[in-house]
Amino acid sequence: MHSQTKFWLLIALLVATSWAPSAARGVAETGQGPKMASIGPLTFGPDGTLFAADNQGAAIFALDLGAPAATGTPGAKGLDALDEKLAALLGTGAREIAITDLAVHPKTRQVYVAAMRGQGAGAAATLFRIDGTGKIDLVQLSSLKFQSVELPNPPAVNATGRQNPRSNVITDMGFADGRLWVAGLSNEEFASKLRAIPYPFSTVDRGTSVEIYHGNHQQLETRSPVNAFVPYTIDDKPYLLAGYTCTPLVKFPISDLKPGDKVRGTTIAEFGAGNRVLDMIVYRKGNQEFLLSTNNSRGVMKIPTNTFAKATPITTPVQSETAGVPFEKVTSMTGIEQMDKLDDQNVIVLARASSGSVNLQVLPLP
Amino acid sequence: MPVRVLWVAALASVLAGTAACSRSSDASAVPAITLTTPGNGAPAYVALTGLPATAVRALEQGSLTPEQWASVLRVAVSTDAQPMLGNYTVVDGVVRFTPLFPFDQGRQYHVRFEPARLPGGGADAGGVIETTIGRPASTAVPSTVVARVYPSGDIVPENLLRMYVEFSAPMGRKSGVEYIALLDHQGKEIEGAVLPLDYEFWSPDHKRFTVFFDPGRVKKGILPNLQMGRPLAVGRSVTLVVKREWPDENGLPLKQEFRRELRVSATDLDPLDTSAWRIQSPAAGSRDGVVVTFPEPLDHGLLMRALGVARDGKEVEGAIGVDQGETRWTFTPTTPWQPGTYQLLALDILEDLAGNQIGRAFEVDNFDTVDKGPNPETITIPFRVK
């Protein structure tokens, strides 16, 4: 029968439907010798578990560094041209590797550095440890016990869509309140979502949709990406402080971040357009605490946190370049791409020199 | 095991020490270094041959640490670099160094054998040998090209949110932010049009990269707009440039630069309205596609997963096609249509080129209209098959 063509003027039935778009995954796995397609960002749990994101494999790994983690000289020493040194160990040139993150072990204060060797989908994940003498050791991933959890599949309503080219990019992770917090975005959605994963891993929650008022953009945004965040306690209440693209600083009470909910964060600063936060840490100096933030185009900023509790929320358009809580620029720190607090006096950073090489530097906290 | 000597960049040269003429596992042999690759597809390794039997025995029984091994036979990317990581073994009297990762094509590696570091002193193992080894450089010539760019139409809204650049072969890891430029109608580069999100927005096969444009630049009166102006000018042309230097998976540049001229239309601030979609229903018993036509181009990536077909709550299997500049979506079922009512399913995250979603514009000016929750809702649109 030849089909009869009919055009339907459609009436869309907007329903809170029971149809469930496929997002189920979140399967947890345990074993030895994690198979990681990529590595980074990194963050430590308080017990020394190293959490490593695998963006390529759409999974997060909790790595048990085992007895070797207790060896070596405590602390970490800076190394010039770290990229060249790691590349040499991996038998290649600095241009063929990418250092993706660093994290300081909470007990030994040794620094762990993640790097990818090679190009393209076939690149290999590697992990190194640098101790207090500057000795570099390869961490044999194959020897590590691990837990992993898969990130949920993208929402899709057809079989083709479940194999589509969407991928996740985890921009940052942090451990707080017994859970691993994960901020990420995808290559198909300009979206902002925070997920919490209880550790030990069992499932990944549905995520919390977070929205902010972006004073520089003069609008409410649920779809601006979180680039970096750090857990922080304000008035005995745990918060996440999040840095967004172009560059609002936003606080979220952790108690509000419930799976499946929508949460509006409080925007407490605008740090300027055309900018992205690369990393953030919190530290204490004297009697005062500070947030230290490094940015791709606006350098390093030191922000006293004592104003955070009572900071006036930004809910109206901002016409100045920056607004909100006060900060100062740290002009002595340049080219910093990643950082972690090394100890009470020092921060350890990956800094890109004007020559293009990446230096591991130990710097006094400003 | 048969082995094939691949290539040695320079002949080993004896630099110092005693002559290699004392007792050896092969009386005529002298220590020599070669790059060897097994015939079974295993990675190439450095072989140190011609060691005297005493030295071989000492190495086999010595339980050397990696640092001690590297002091005997050091393989590195340069004379002053740390020795590279790998495994040392002794097989049939030959010392093998197999790197942790295969030797790069076209890279020269420095190898140094220092007999004095052998267990027992190596007095009968000859002098220091220094040489360079390496695999031949790849003879591949640049061949990867930009296969297509979405949106595929010639007209984009002033507030275009994203583009997909698809390549003919897998690309390297690097973000495209530094390799993509937009030129205005006079050929001048538009600064800051691409968001500084230098993440690796690759598809899992590294053949599609997503470029995000700055939504903050478009809105009149707000700071990025005041400071930098609007990136695209309505009514003008704009040229997308994908630079040739963007490295592919093999580190090679693209075969050629890619350029495409687009015409800029007015800002699109309207949410998607599914009542403006038209469904061309297929005939029962056929496997003709159900065709959905939209009044404007939609996002290609989302069209591939945010639309589907169901019947009685069960997903229908089939193939999806998108064409006519992303204004037409076709679903061809695996098995023929049955008479009755089917449902077109649409996730409300489906977007147009400016990021407007179903029922929700990208730009929301107040605190009233926001997401209902973190997960998309499904909109159901019935169509009848006769």
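Visitor: Which strands do the buried residues of α1(A) pack against?

Guide: In this predicted model, they pack against β7 (97-104), β8 (111-117), β9 (124-130), β10 (136-138) and β29 (358-364) of chain A. Strand β5 (73-76) of chain B joins them as a packing partner.

Visitor: And which residues of α1(A) are buried?

Guide: The buried residues are Leu82(A), Asp83(A), Glu84(A), Lys85(A), Leu86(A), Ala87(A), Ala88(A) and Leu89(A). That makes 8 of the 8 residues of the helix, which spans residues 82-89, so α1 of chain A is largely enclosed by the rest of the structure.

Visitor: Nice. What comes just after α1(A)?

Guide: Just after that helix you can find Gly91(A), which has a positive phi of about 70°.

Visitor: Let's zoom out. How many helices and strands does chain A have?

Guide: Chain A has 1 helix and 29 strands. Of its 366 residues, 54% count as buried. If you take the contacts between residues at least 6 apart in sequence, 55% of them join residues at least 24 apart.

Visitor: What about confidence in chain A, what's the average pLDDT?

Guide: The average is 84, and 84% of the residues score at least 70.

Visitor: Where does pLDDT stay under 50 in chain A?

Guide: That happens over residues 1-24 of chain A. The model has 54 contacts beyond four places in sequence for this stretch. Where pLDDT is low, though, predicted coordinates should not be read in detail.

Visitor: Okay, switching to chain B. How is chain B divided?

Guide: Into domain 1 (3-134), domain 2 (146-265) and domain 3 (274-385). Where domains 2 and 3 of chain B meet, domain 2 brings 12 residues to the contact and domain 3 brings 10.

Visitor: What sort of residues are on the side of domain 2 of chain B that touches domain 3?

Guide: On that side of domain 2 of chain B there are 8 nonpolar residues, 3 polar and 1 charged.

Visitor: I also see a sheet in chain B. What order do the strands of the open sheet take?

Guide: Its 3 strands follow the order β10-β12-β14 in chain B, with antiparallel pairing. The edges are β10 (146-150) and β14 (208-212) of chain B, each pairing on one side only. From one strand to the next, the twist averages 20°.

Visitor: How many bridges join β10(B) to β12?

Guide: There are 4 bridges between β10(B) and β12 (residues 162-167) of chain B, and the two run antiparallel.

Visitor: Which residue in β12(B) is the bridge partner of Val149(B)?

Guide: Look for Val165(B), the bridge partner of Val149(B) in β12(B).

How values were computed:
Residues are numbered from 1 along each chain as its sequence is written. Chains are lettered from A and ligands numbered from 1 in the order in which they are written. This is a predicted model: local features need pLDDT of at least 70, side-chain atom pairs count only at pLDDT 80 or more; totals for chains, interfaces and linings use all residues. pLDDT is the predictor's confidence in each residue, from 0 to 100. Two residues are in contact if their C-beta atoms, placed from the backbone, lie within 7 Å. A residue is buried if 20 or more other C-beta atoms lie within 10 Å of its own, exposed if 12 or fewer, and partly exposed in between; C-beta atoms are placed from the backbone. Domain bounds come from an automatic or database domain assignment. Ala, Val, Leu, Ile, Met, Phe, Trp, Tyr, Cys and Pro count as nonpolar, Asp, Glu, Lys and Arg as charged, and the others, Gly among them, as polar. Two strands pair if DSSP finds at least two bridges between them. Axes are lines fitted to C-alpha atoms, for helices over the stretch in contact, and angles run from 0 to 180 degrees between N-to-C directions.
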